[in-house]
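Here are some notes for a colleague who is opening this entry for the first time. Please keep the sequence and the model side by side while reading.

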Amino acid sequence: MKNRSISRRTFLAGLAGGAALIAAGGWMLAGTKFGRSARHEMAQLLDGEARNLRQLMTKTPATSRRIVWQTKSQLKAAPCVELRDAAGKTAKVEAMEAFFADDGKDVYQYDTLLDDLQPASTYTYRIVEDGRAGDWQTLVTPATDQGHFKAFIFPDSQSSDYTDWTHLVEGAAKREPDIDFYINMGDLVDNGEDSTQWQAWFDAVATIAKRVPFVPVLGNHETYTLDWKVRRPEAYLHYFDMPDNGSADDKNYYYSFDYGDTHFVVLCTEWEEPAAVPEGIGDRQMAWLRRDLAANHKKWTIALLHRDVLQYRIKKRPERKEGISGTGEVLMPVFEEFGVDLVYTAHLHTYRDRGHLKDGKQNENGPLYILTGVAGNVRYPGLWEDHALDKVVAPQPETDNYITLEVDGDTLTSCCFLPDGTEIDRAVIQKTR
């Protein structure tokens with residue numbers, strides 16, 4: 001939701017990704033086999049020259065990973081990502097330029113796709129450029145059929161001051177140091193064109209971003225200009241190069257991926273904002289979603305979307321009735337048809353566990369629906385009336401929160417925590433196949 005009280009900067013003063021590692025008699029780059037590391041260490045990159053280093057989720061994270069980072073200016077020599085396996089063998093993979101301009105600034109960004117990785121393996125990687133190198137970072141691939149993982153689900157992180165967001169991420173990471181990946185449910189920033197807010201967001205996730213992959217969801221605040229008009233979410237679409245959805249027009253708006261025995265669909269819920277999305281995206285996404293879910297044979301299926309599926313009454317506005325939102329009317333029947341297990345939503349800045357819903361009613365045969373809450377400091381105390389379908393509501397007045405999603409074989413567990421680690425809700429799904 002739009003927070004009109006927050007103005008710009010009040011809180012602080014195409015690409016197909018890279019040359020791949022090709023499996024042909026061993027990993028190779030430009031015809032050269034994986035070789036032993038050089039005996040001498042290259043000089044470290046200057047402090048601050050390479051920033052916002054991050055791993056991004058790919059369609060098949062068991063065998064690939066995307067590495068992206070920015071620099072203050074264009075690098076003179078061709079940068080690479082150097083990858084090292086557990087045996088100490090290394091290879092260098094060329095980085096491709098992914099430059100763009102926004103907020104009146106040029107963004108010098110580099111993008112590398114590491115492909116043909118081995119499942120269930122641990123690697124290290126670093127940035128290399130012109131005889132210099134950054135620190136080694138960890139990269140772990142899951143097994144193709146991995147039945148156990150744990151991920152963070154962070155709700156809307158938009159903020160007037162990103163201190164709370166930073167503390168939430170850092171606290172969660174200390175309690176769960178072995179997290180496998182993390183998700184941000186849209187409205188990552190309050191204003192999508194404000195580059196200083198994006199930098200504050202990146203700074204908050206810096207530690208986990210280097211070592212585990214990120215899964216972004218597009219929110220409405222990513223589409224705002226500095227004067228609060230709606231536009232194409234330029235920064236979001238360029239910062240996060242996500243799995244292909246088969247449409248060049250819709251690239252990075254929606255996508256899917258498999259993590260072990262779990263299938264994720266990440267959807268765009270901004271289809272009613274013509275200035276924010278390509279024309280016809282709603283119809284294309286729905287056709288894609290049906291094809292994607294029909295082809296899915298994983299044990300678990302999870303949907304991630306920013307706007308919520310329910311409509312809430314607003315206090316002192318009796319004309320607004322509770323029910324199913326426009327987003328819910330479009331998507332809930334599809335989720336039920338294809339047996340989606342869990343649906344995470346956001347946007348309303350409140351945590352609500354609705355249990356399982358089908359045909360607009362409580363029904364254990366429907367998906368579990370969880371409204372994820374708020375991870376920044378933009379809150380709406382006393383705004384929403386409770387919905388008849390709410391089973392658990394966060395303690396009021398509401399503070400920020402985070403969620404852990406854990407899949408362990410036949411059990412899926414979603415737990416919601418306050419910033420100090422206090423658990424306020426636990427939802428469990430059991431299934432066999």
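1. How many disulfides does the structure hold? The structure holds zero disulfides, a disulfide being a pair of cysteine sulfur atoms within 2.5 Å. Cysteine 416 is in no disulfide, and the nearest cysteine sulfur, which belongs to cysteine 415, is 8.9 Å away. Cysteine 416 is buried, with a relative accessible area of 0%, and cysteine 80 is likewise buried, at 16%; buried means under 20% relative accessible area, exposed over 50%, and partly exposed in between, with a 1.4 Å probe and protein chains only.

2. This is a predicted model, in which local features need pLDDT of at least 70 and side-chain atom pairs count only at pLDDT 80 or more, while totals for chains, interfaces and linings use all residues. Residues are numbered from 1 along each chain as its sequence is written, and side-chain values use heavy atoms, with hydrogens and water left out.

3. Glutamine 396 and proline 397 are joined by a cis peptide bond, with omega at about -5°. Proline 397 lies in the loop between strand 28 (392-393) and strand 29 (402-408), where strands (E, at least two residues) are DSSP runs numbered from the N terminus.

4. Aspartate 116, a residue other than glycine, has a positive phi near 60°. Its place is the loop between strand 12 (105-114) and strand 13 (122-129), and aspartate 116 is partly exposed, with a relative accessible area of 29%.

5. Lysine 316 is not a glycine either, yet its phi is positive, at about 70°. Lysine 316 is found in the loop between strand 22 (310-311) and strand 23 (323-324), and it is exposed, with a relative accessible area of 86%.

Terms used
Helix = DSSP H or I, 4+ residues; strand = E, 2+ residues; numbered from the N terminus.
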